[in-house]
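Let's take a walk through a protein together, starting with the whole fold and then zooming in on a few spots. Keep the picture open as you read.

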Amino acid sequence: MSTAQLLDPTDLYLFNSGTLEEAWRMLGANHCVHNGAAGVLFAVWAPNASKVALVGDHNGWDGRVDLMLPQGSSGVWAVFMPGMAEGARYKYELHDADGRLLPLKADPYARQMEKPPATASIVPQRSLYQWQDAVWMQHRRTSTTHNAPISCYEVHLGSWRQKDGWQWFSYRELAGLLLPYVKEQGFTHIQLMPVSEFPFDGSWGYQPLGMFAPTSRFGDPDDFRFFVDTAHQLGLGVMLDWVPGHFPTDAHGLAGFDGSHLYEHADPRQGFHPDWNTCIYNYDRAEVQCYLLSNAMFWLDEFHIDGLR
């Protein structure tokens, strides 16, 4: 652990005002060099917590070891971990305002998560993926495709086809099977039902808890990049069903994150969906606005997605 001020004050100000468009570059787990040491900077928003610690494989899941430091009055806590390995599992241990220990929480900004039913966040790999879709991206920038007719093939990746024994195909396998089929059928775009990480298979992704993590059911983030890249090379646009409306109440998720109604609205008439047994975001809160705004930007920027629905 290093000095208390680990995050840029301007970024923290923009986050608290709801306008930090690339909040995932500050929050979550980010590879960086700090005081000459390479490692991972962890940051999480938990303004009503009295104590926050990073726990994981690296410290035996012991909340006494790696305490996180408050970043001014922003409500953000951070810790720098030198030498932290890619692929390491982690969560946050939080105590509420009264000092009560809460269930271990997954990282709201995690960019990689364990395959359900496991629930840990994963220190992301440093992506070395080399995109091959320059022609498509240039065409997208310079054309008036928003005025052109489109034909979308909507698909749920987990049920389009399955292997013997009801096993899922991977992102890379689907790139070779699904995408040529969509192209041959004359579609201009493929529209994916949600691929943000989600705990319950039966929700088909419409109850996500890992908004910044492509589901690990079909591979890792670079595998998903390969899928999108292949689509673009075939001349197919990729649209994504995006679910900024609600989230499930699983203990490791956003509900009651720091012991308070942080992401969800405190009034159950506005913050709870009785038909789905899910929480509804508090859209009035600036930091929640930032969470959802930056998530939209994340999919468009990091994965070259062509549109969100």
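The radius of gyration used here is taken over C-alpha atoms, and the rule for a globule is 2.2 Å times the number of residues to the power 0.38. With 309 residues, that rule puts a compact globule near 19 Å, and this protein has 20 Å, which agrees. Along its principal axes, the C-alpha trace spans about 60 × 50 × 45 Å.

A quick word on what you're looking at: this is a predicted model, in which local features need pLDDT of at least 70 and side-chain atom pairs count only at pLDDT 80 or more, while totals for chains, interfaces and linings use all residues. Residues are numbered from 1 along each chain as its sequence is written, and side-chain values use heavy atoms, with hydrogens and water left out.

Now for the parts. The protein has six helices and 19 strands; these are DSSP runs numbered from the N terminus, with helices being H or I of at least four residues and strands E of at least two. Of the 309 residues, 53% count as buried, where buried means under 20% relative accessible area, exposed over 50%, and partly exposed in between (1.4 Å probe, protein chains only). Contacts (heavy atoms within 4.5 Å) tell you about the chain too: among those with a separation of 6 or more, 71% are between residues 24 or more positions apart.

Strand β1 (residues 28-34) and strand β2 (residues 37-45) pair in the antiparallel sense over seven bridges; for strands to count as paired, DSSP must find at least two bridges between them. His-34 has Ala-37 in β2 as its bridge partner. Two residues sit between the strands of this hairpin, and Asn-35 takes a positive phi near 50° there.

Next, find strand β14 (residues 210-214). Five of its five residues are buried, so β14 is largely enclosed by the rest of the structure. Its antiparallel neighbour is strand β13 (residues 196-197), joined to β14 by two bridges. In that pairing, Ser-196 stands opposite Pro-214.

Is Asn-295 buried or exposed? Asn-295 counts as buried because its relative accessibility is 0%. You'll find Asn-295 in helix α6 (residues 286-302). Leaving aside residues up to four places away in sequence, Asn-295 touches Met-211, Phe-212 and Trp-242.
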